[in-house]
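Let's take a walk through this fold together, one element at a time. Have the viewer open and follow along.

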Amino acid sequence: MVVGLPAIIMHYGTLFIDMLQSAVQEYRGEPSHNLTNITHDLVHPWQHAAEGEAPEEAAEPHPCIFTDVLNFLEITPEAAREEYFAQMDQHVSPAFRNAVPVIDYLRSPQAVSAFIPTNWEGIKKIPPLEFKFKPTLPERLKFKARPINPKLFPQVEAEVSRLVATGYFKPSRSPIACCMVVAPKATAPFIRICVDYRPVNLHIEVGHFPIPHVQRSLQKIVKFKVFIDLDLVNAFHQVRLGALTSERLSVVTPWGQFAPQFMPEGVAPASFILQEVMTQIFGDLEEWSIVIFDNMLVLAEDYEDALKKLKIIINRCNEYNLYLKFAKSWLGFDKVLFFGYECSFNMYGLADQRKKTLQEFRPPRTLKQLQSFIGFALYFKSFVPHFATLAAPLHDMTRDGFVWDDSVWTAERLHDFERFKEELARCIALHYPDYDKEFVLRTDASQIGVGMVLYQIHRDTPESEPVYQVILFASQKFSDQARRWATIEQEAYAVFWAVKTCEFYLRFKYFVLETDHANLQWMEASLVSKIIRWRIYLQGFNFMLRHIAGRKNGVADWLSRNHDTPAEPQTPEVLVQCLSGMGMDEKFDAPDLRAPFVMPDPAPVVPVAPAHDDTEMPVDIEEAAVEPLDTPLPALAPEELLAKVHGGRMGHHGARKTWKLLNEHFPGHRIPLRVVEEFISSCALCQKDRLGMTDALQPVYRTLKHGNKRRMVGVDTLTVTPADKFGNQYIIVIVVHATKFVFLHPTHTKNAEETALALFRFFSQYGVYEFLISDPGSDLTSEVIEHLVKWLGIRHVFSLVD
């Protein structure tokens, strides 16, 4: 990221321009606002209108604990029923409504009680849950709490009070507690609250309950024609906790310590326990139902059969006090989407999402984009018949001398490109997720958008070479607001978005998350509100974050750039006039800092396709090929290049810093450091300010004090008259100059051995210092003192004496 005035103009130029244009309108007598319309109502800074929020943030899930339950319990029963009835037209298929009286049944008290919670007591007929803790759990444990913005205290206190009033929280005095995480948000309810259970998760035993294999479970849909897709509301929070586990999962807030009464999200064994509970409740119905975590797919032969089985499920939910979420349920459809699979009569297949990214690929416009696309296609080399033949026309376009212009994509070349894409899309459907294999998710972000690739590692035998089978590709273009985010925010969003996109495949499945942004390894320490919200969401997944080199992340990097580059905003005339008035008109045409400079006659480079290595993921093909610029820049004199990286908005740096800027923005400039030094020495501002300071003599500060307390100690010998009762006639005095600490060593005689012994006692007891200062006496300039300070690594400084 560019730092300095260019970055300020880039990120805040729009606001600056609006201010200038408003001022011009005011000057011309055209007011841009009406003072009488200004309201004096107090508006909290986090309660501004949602148009300032990026669409990427608006699409985030709400990781607040107990959210849906609180909404149901706080509205009136009449309002809850009206909301439930209003959703029936959309969530019940027309054919199902016309064939059987399903609407009448959904309006009956039995169905209403299953979809609208009136109380929250947890699942019945199942004993309260008790976790098994490891012996490593300390008797007292409290994680460092995160600060809460004082402006958010009223909202957070109200949310905590709601949790206590509804029975989710109860007061606690447990010696083990975790911290509460609060992230502000621009829209209602303006905060998101969760608990960070990472410290406790390290001491909880996680068992192994069998997780159903999605693909194998879907094989039973062959003979069924009608489907009912049901979802639970706050599934984790329907499992009641035992007394001991509740106390050990307590949370500390500014208003007291509280223990959750129901299983919260974010605890390590939650997913396995949920599957075990669901299997215990609906296990006897597995012949015509598929239950995976909080999702349930009911299979029926016709609409009468569907209504009959729906009644069985709802009666079972009432029996166990289990609540369903109608907003995520779909009743009586002949085609449903279940865990990323499109299910219909006699068949199921992968959803179109897996092929959507490939279908949206545009023909590359530059040599670099084409090389990246070919490198991306190497993922499918082992699965596409005649891969080399299909890719040959594209390889021809990477040869030296090929001219890229608007007419490069002829009808024949477009046909070859589209045919290549079709073969790649057909290849993706070959690989179904196998949950017995290792999953790897790679993500990346650019200034344009985000990209990800999810693949699984297949081995015929444990000793055989790995084969990488792609499960899903995806990319998304950034909104205008997201393009102005900091790099860490864009990269963190790429991780959140990738996991959210692959949620059907990754939920409750251990996987490896790879990114080329090293700072994401410490994203839990970030205090940025949006990153906190994303981290809370990621807390519900079981994965390991691994950093990889950027050159190995070519596919995700290319997918993040597979969008139209936003047009650079033109500088309005009013801004040019303003900068001209500041004296910056001559240097306003700054170079494009993202475009490298190339000498007029570059040596030709022939791109070479990289060899496929089965032991490592294919990397971007641009590693093995260096491409010339799409539009070479004109040749500039050394003085012109130096003027673009020294002075003005680039700053007046020294010779070495300026030379590094040349290497960064104009690689291959061939300007030696000596020429840079001469240029800077002739700069008027540098002569006036920076160089003048270096030529001046620095004042001498005559003091023994220093900022470093362990820098210097002094030693001297005093004579005692008369001698004490032990016969000691001398005292060797050692003083720490910074703190004035005094160390005394009495002795009978004054010689080098006694002085060395006193110094050895002092340094052994109080540690070694950097300097030892003393007068040049014979005992202090002796060989034994010289060996001692050399052995201890101390510099001996002698003072001047008269």
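Helix 29 (residues 752-766) lies across strand 19, strand 20, strand 21 and strand 22 (771-774), where contact means heavy atoms within 4.5 Å. Its direction makes an angle of about 145° with strand 21; axes here are lines fitted to C-alpha atoms, for helices over the stretch in contact, and angles run from 0 to 180 degrees between N-to-C directions. Helices (H or I, at least four residues) and strands (E, at least two) are DSSP runs, numbered from the N terminus. This is a predicted model, in which local features need pLDDT of at least 70 and side-chain atom pairs count only at pLDDT 80 or more, while totals for chains, interfaces and linings use all residues. Residues are numbered from 1 along each chain as its sequence is written, and side-chain values use heavy atoms, with hydrogens and water left out.

Five strands form an open sheet in the order 21-20-19-22-23, and their pairing is mixed; two strands pair if DSSP finds at least two bridges between them. Strand 21 (742-747) and strand 23 (795-798) stand at the edges with a single partner strand each, so one side of each has no neighbour in the sheet. From one strand to the next, the twist averages 25°. Within this sheet, strand 19 (residues 712-719) and strand 20 (residues 730-736) run antiparallel and are joined by seven bridges. To find your place in that pairing, look for D716, which stands opposite V733 in strand 20.

Next, move to strand 9 (residues 295-300). Six of its six residues are buried, so the strand is largely enclosed by the rest of the structure. Buried means under 20% relative accessible area, exposed over 50%, and partly exposed in between (1.4 Å probe, protein chains only). N295, L297 and L299 point one way from strand 9, while M296, V298 and A300 point the other way.

What pairs with strand 9 over six bridges? Strand 5 (residues 226-231) does, in the antiparallel sense, with V226 opposite A300. Strand 8 (residues 289-292) also runs antiparallel to strand 9, through four bridges, and S289 has V298 as its bridge partner. Strand 8 and strand 9 form a hairpin with two residues between them, and F293 in the turn has a positive phi of about 60°.

Finally, visit helix 17 (residues 387-396), where F387, L390, A391 and L394 are buried. These residues cover an arc of only 90° around the axis, which puts them on the same side of helix 17; the arc is that of the directions from the helix axis to the C-beta atoms. On the other side of helix 17, A388 and T389 are exposed.
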